[in-house]
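Take a look at the model, then work through the points by topic.

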Amino acid sequence: MSLVTTESLKTELEIFDIPYQDDSVLDKMVEQCICNRLHAQEILHEWVAYSVTKQGVKLTMDTLEQFEHEVLNKRIKSRKTSRKEEASSRMRDISMIDDLIKAEEEEEDLLDSYSTPAKGSQKRPLTTPERPHSKRTAALMASPSILLSPASFSPNATPSQKYSQRGGKGEVVATFGAVQGTRWVGRKDPGAGVQVEILEGPEDSLNSSYKYMFQRLRDVRNVLTEKIEELGEGLRTHFSIEEFSPVSLPAQDRITVLGQICCDSNGKLNAQSVLLEAGPEQGGQQVPVDLSELKEYSLFPGQVVVMEGMNTTGRKLVASKFYEAVPLPFYSSDMKMETDEEPLNVLVACGPYAPSDSLTFDPLLDLINVIVRDRPDVCLLLGPFVDSKHEQIEKAQVTDTFENIFTRCIESIVDGTRSVGCQLVFVPSQRDIHHHFIYPQPPFSLPHPSKEQTQRVTLVPDPCTLLIDGVTIGLTSTDILIHMGAEEISCGTGSDKFSRILKHMLTQRSYYPLYPPADEVNMDYEKFQSFGQMPLTPDILVVPSEMRYFVKDVVGCVCVNPGRLTKGQVGGTYGRLLIQRSPQSEDGKRVSPCLTAQVVKI
């Protein structure tokens with residue numbers, strides 16, 4: 001409704017040729033219009049009709065109050081009466097629908113009595129959140145599965161046939177370390193004394209949501225420049241390089257240049273499209289790079305590198321040597337290790353936690369059963385929990401809010417693992433439809449956490465570096481393997497693509513070193529500079545991906561892709577680790593705290 005003002009009402013009164021007492025009458029009529037949701041013309045039509053019935057009374061404050069009492073107030077009462085009638089008709093409609101549903105159920109029961117027993121009931125599921133099966137509900141009240149009942153989210157949800165018929169349940173598909181004789185059971189008193197914390201200090205942690213979409217191109221440029229300078233200083237010190245030369249300055253001698261790898265077009269990087277962009281201290285120019293003289297290399301957009309070569313014209317660098325960056329040192333703890341300290345059992349799983357054709361969350365319930373059986377000390381659970389790519393979510397076939405579905409997932413996990421008492425760590429994903437899809441991503445929030453949730457649940461951002469009893473674990477739920485795998489080019493390295501990408505992450509000291517990022521990643525570079533970098537080289541790096549699961553040792557860091565708990569309509573995999581803080585060996589070499597690891601089919 002358009003706003004009625006004193007001026008607009010005064011204009012209408014002049015059009016209707018209605019005299020009035022003074023301006024206070026105008027103010028009163030404006031008030032009546034607003035309270036009764038009337039246009040200026042509507043209230044004047046009402047007044048003219050009223051005035052005619054009252055032998056042409058004048059428009060004064062007294063007559064206006066009588067008009068309000070006799071006409072406008074009756075309009076309000078009639079409006080309320082019509083709403084009640086409409087509501088009662090809706091109730092009758094619902095009652096009629098219930099009668100129809102009952103009649104249809106009785107008819108199908110009659111048909112089922114004549115059907116062949118082997119075929120079973122052909123009755124369509126009619127269960128909805130408002131019509132639960134009372135007997136079934138009573139039987140399942142003690143189980144976490146009742147919180148994840150498919151009828152709670154989608155009235156036509158049925159269990160996934162492909163998932164229920166999967167083979168190889170519990171099969172170990174990847175191993176690492178000495179797994180013979182390993183007992184995948186946690187400590188006698190799980191969770192007792194296990195310290196789980198984010199490695200950065202509380203004041204530096206990304207522990208709440210933040211404003212994004214306000215970054216300027218200048219700020220992005222400054223972040224990239226600082227990254228080039230910081231990594232360049234580390235390379236200059238490690239390789240004893242005196243100074244870096246400008247990339248576009250013609251020189252007849254070999255020069256050493258520092259810069260960031262770029263692509264000369266909007267397409268994917270290839271050996272003929274490589275550019276090297278220098279920082280401001282080296283001129284800030286871009287120069288094409290000829291890689292033909294390099295025997296081996298592995299490059300991707302955004303990579304900070306040091307190259308040696310010739311640039312006689314200033315228009316092309318013919319690279320002859322490539323300096324590879326080095327990772328940060330590992331975490332060193334002053335904590336004394338107890339000689340009888342038992343290793344920690346850590347379970348790692350990544351969503352989606354429901355098959356793509358059903359919201360039954362059967363895989364999540366199976367994972368809860370695994371946790372109860374193996375009794376791990378710590379469970380690292382990465383999103384998505386409410387997957388934005390799920391078929392029923394994309395088609396708007398859910399009957400509950402995304403926040404409520406997520407809350408029920410968390411409650412089911414906490415309640416279902418109460419007997420275990422393990423520490424639960426939840427990491428968000430860009431695909432969690434109810435959460436901020438920005439990178440770095442703030443942690444989840446629970447609306448009304450219970451005392452048990454406060455004690456056992458740790459909510460962390462994506463990415464983050466955890467410290468668990470002196471062992472550092474890097475986590476990111478963003479699929480960096482696919483994103484960098486589509487952009488990386490290599491020649492003569494002799495290593496597999498996964499190992500190269502993981503090494504780039506560790507040497508570039510970043511959880512997401514790719515620039516520009518993939519289209520599906522919304523990067524906030526101001527926060528990325530503070531929370532997207534690795535403060536050190538983690539002992540274990542968890543990088544879930546759509547790519548094939550693996551466990552690898554890359555430059556001393558054990559890198560784990562546990563796979564996803566579901567892949568489409570079929571079951572997927574999860575990971576489990578045995579970790580123990582280890583002292584230095586006798587020869588001074590570092591001993592990995594990851595004793596053994598496995599990837600297992602759900």
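The second largest pocket has a volume of about 460 Å³. The model that shows it is predicted. The lining of this pocket counts 24 residues. Cavities, a helix pair and a sheet follow below.

**Second largest pocket**
- Closest to the centre of the pocket are Asn266, Gly267, Pro301, Glu487 and Pro516.
- Two elements each give two or more residues to the lining: strand 3 (251-263) and helix 12 (480-485).
- Strand 3 supplies the largest share, with 4 residues.
- By class, the lining splits into 13 nonpolar, 7 polar and 4 charged residues.

**Cavities**
- The whole structure holds 4 cavities of 30 Å³ or more.
- The volume of the largest cavity is about 80 Å³.
- Its lining is made up of Ile198, Glu200, Ser205, Leu206, Pro461, Pro463, Cys464, Thr465, Tyr511 and Phe531.
- Of these lining residues, 7 are nonpolar, 2 are polar and 1 is charged.

**Helix 1 and helix 2**
- How do the axes of helix 1 and helix 2 cross, and at what angle?
- Helix 1 (residues 6-16) and helix 2 (residues 23-36) have axes that come within 9 Å and cross at roughly 105°.
- Helix 1 is therefore roughly perpendicular to helix 2.
- On the helix 1 side, the contact is made by Thr6, Leu9, Lys10 and Leu13.
- Helix 2 contributes Leu26, Asp27, Met29 and Val30 to the contact.
- The contact residues comprise 5 nonpolar, 1 polar and 2 charged.

- An open sheet is formed by 6 strands, in the order 2-13-14-16-18-17.
- The pairing in this sheet is mixed.
- Which strands stand at the edges?
- Strand 2 (196-198) and strand 17 (550-554) do, each with a single partner strand, so one side of each has no neighbour in the sheet.
- On average, neighbouring strands of the sheet are turned by 25° against each other, direction ignored.

**Inside the sheet, and the helix on it**
- Strands of a sheet pair through backbone hydrogen bonds, either parallel or antiparallel.
- Strand 16 (residues 540-542) pairs with strand 18 (residues 557-561) in the parallel sense, over 3 bridges.
- Leu541 stands opposite Cys559 in strand 18.
- Helix 13 (residues 497-507) packs on the sheet and touches strand 16, strand 17 and strand 18.
- The direction of helix 13 makes about 55° with that of strand 17.

Note on methods
Residues numbered from 1 in each chain as written. Predicted model: local features only at pLDDT ≥ 70, side-chain atom pairs only at ≥ 80, totals over all residues. Heavy atoms only, no water. 1 Å grid on protein atoms, 1.4 Å probe; cavity = no way out; pocket = protein on both sides within 12 Å on 5 of 7 lines; lining within 4 Å. Points joined across faces, edges and corners; volume = space filled by probe spheres on them. Nonpolar A, V, L, I, M, F, W, Y, C, P; charged D, E, K, R; others polar. Axes fitted to C-alpha atoms, helices over the stretch in contact; angles between N-to-C directions. Parallel < 35°, antiparallel > 145°, perpendicular 65-115°, else oblique. Contact = heavy atoms within 4.5 Å. Pairing = 2+ DSSP bridges.
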